[in-house]
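Reader: Could you walk me through how the helices pack in this model?

Author: Happy to; let's look at it together.

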Amino acid sequence: MRTPAVMTLGMVLAPCGLLLNLTATLAPGWRLVKGFLNQPVDVELYQGLWDMCREQSSRERQCNQPDPWGYFDAQPVLVARALMVTSLATTALGLLLASLGVRCWQEEPRFALAGLSGAVLFAAGLLSLIPVSWYNHFLADRSVLPADASPVTLHVSYSLVLGYLGSCLLLLGGFSLALSFAPWCEERCRRRRKEPAGGPRRPSISTVHVGWPEPALPPAIKYYSDGQHQPRPANPGAARQPKAGFPMPRPQPQPGAYTNQIDVLRGEDARSPRDSLGSTWSSHASLPCDSDL
């Protein structure tokens with residue numbers, strides 16, 4: 001598959017931020033000092049985290065200048081040294097994780113590892129943005145960052161600008177790579193929905209289980225279920241329990257068939273059809289014939 005656009009953007013912005021932060025850390029250009037007394041007008045002093053350089057239009061730049069004000073012992077300078085070096089190391093770690101996660105030479109990237117590298121790069125951007133912003137806040141404060149008194153003027157130099165740009169690029173690149181967590185979380189949730197439950201669901205704190213006794217079912221339901229007769233379990237030692245339910249209807253005998261009107265008038269109380277047939281023949285024998293009349 002093609003490398004996602006967010007990964008490509010992060011892999012482009014993060015190295016650019018690393019390069020800018022490296023330049024800002026090493027270059028002696030965090031503060032520009034001009035307007036020294038008893039000095040030529042074009043004399044400028046560039047102050048950085050590790051070195052000071054004196055520059056004049058008629059001469060070459062001269063570095064390793066002495067520090068009579070105790071500038072390198074100021075707290076913003078010491079904190080900026082530590083945080084900028086930490087940011088560079090964190091950025092290198094983030095780029096290593098990003099290379100292993102994006103894997104442009106493979107078909108499928110490792111979304112989880114790419115997202116983790118984005119979080120690391122985002123933290124590196126914060127680590128570089130904090131000292132740059134703090135130094136810029138106290139840049140003109142001579143009690144915090146020592147410098148000569150007026151008419152000496154203090155200005156922002158190019159290293160602060162590079163530090164701001166590098167920090168913003170690291171933040172953007174880290175955020176872009178951190179978006180790789182979205183497809184990883186989506187795939188993980190899909191797999192968890194497809195997997196069967198491994199065991200009983202763990203009850204919550206608000207769930208209360210009450211062991212209610214099981215009610216005794218009536219015989220009509222207990223022994224005549226699903227339309228089939230289930231024999232009553234033999235338990236001679238138990239006491240006879242009262243019957244529950246309603247009596248089942250019993251089939252009634254079919255009424256006898258009558259052969260003539262005489263049988264209908266006399267009725268057949270408990271006689272069988274065979275007796276009724278005999279009585280019918282006897283009644284016919286007792287009737288007078290027309291010839292006798």
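Author: Axes here are lines fitted to C-alpha atoms, for helices over the stretch in contact, and angles run from 0 to 180 degrees between N-to-C directions. Helices are DSSP runs (H or I, at least four residues), numbered from the N terminus. This is a predicted model, where local features need pLDDT of at least 70 and side-chain atom pairs count only at pLDDT 80 or more. Residues are numbered from 1 along each chain as its sequence is written.

Reader: At what angle do H3 and H5 pack?

Author: Helix H3 covers residues 111-137 and helix H5 covers residues 181-194. Their axes lie 8 Å apart, and the angle is about 140 degrees.

Reader: Which orientation class does that give H3 and H5?

Author: Angles under 35 degrees count as roughly parallel, over 145 as roughly antiparallel, 65 to 115 as roughly perpendicular and the rest as oblique. H3 and H5 are therefore oblique.

Reader: Which residues of H5 make the contact with H3?

Author: Contact means heavy atoms within 4.5 Å. H3 brings Phe 111, Ala 112, Gly 115 and Leu 116, and the partners in H5 are Phe 181, Pro 183 and Trp 184.

Reader: Are H1 and H2 roughly parallel or roughly antiparallel?

Author: The axes of H1 (residues 5-26) and H2 (residues 75-102) come within 10 Å and cross at roughly 155 degrees. That makes the two helices roughly antiparallel.

Reader: And which residues of H1 meet H2?

Author: On the H2 side are Met 84, Ser 87, Leu 88, Thr 91, Leu 95, Ala 98, Ser 99 and Val 102. They meet these residues of H1: Met 7, Met 11, Ala 14, Pro 15, Leu 18, Asn 21, Leu 22 and Thr 25.

Technical notes. Heavy atoms only, no water.
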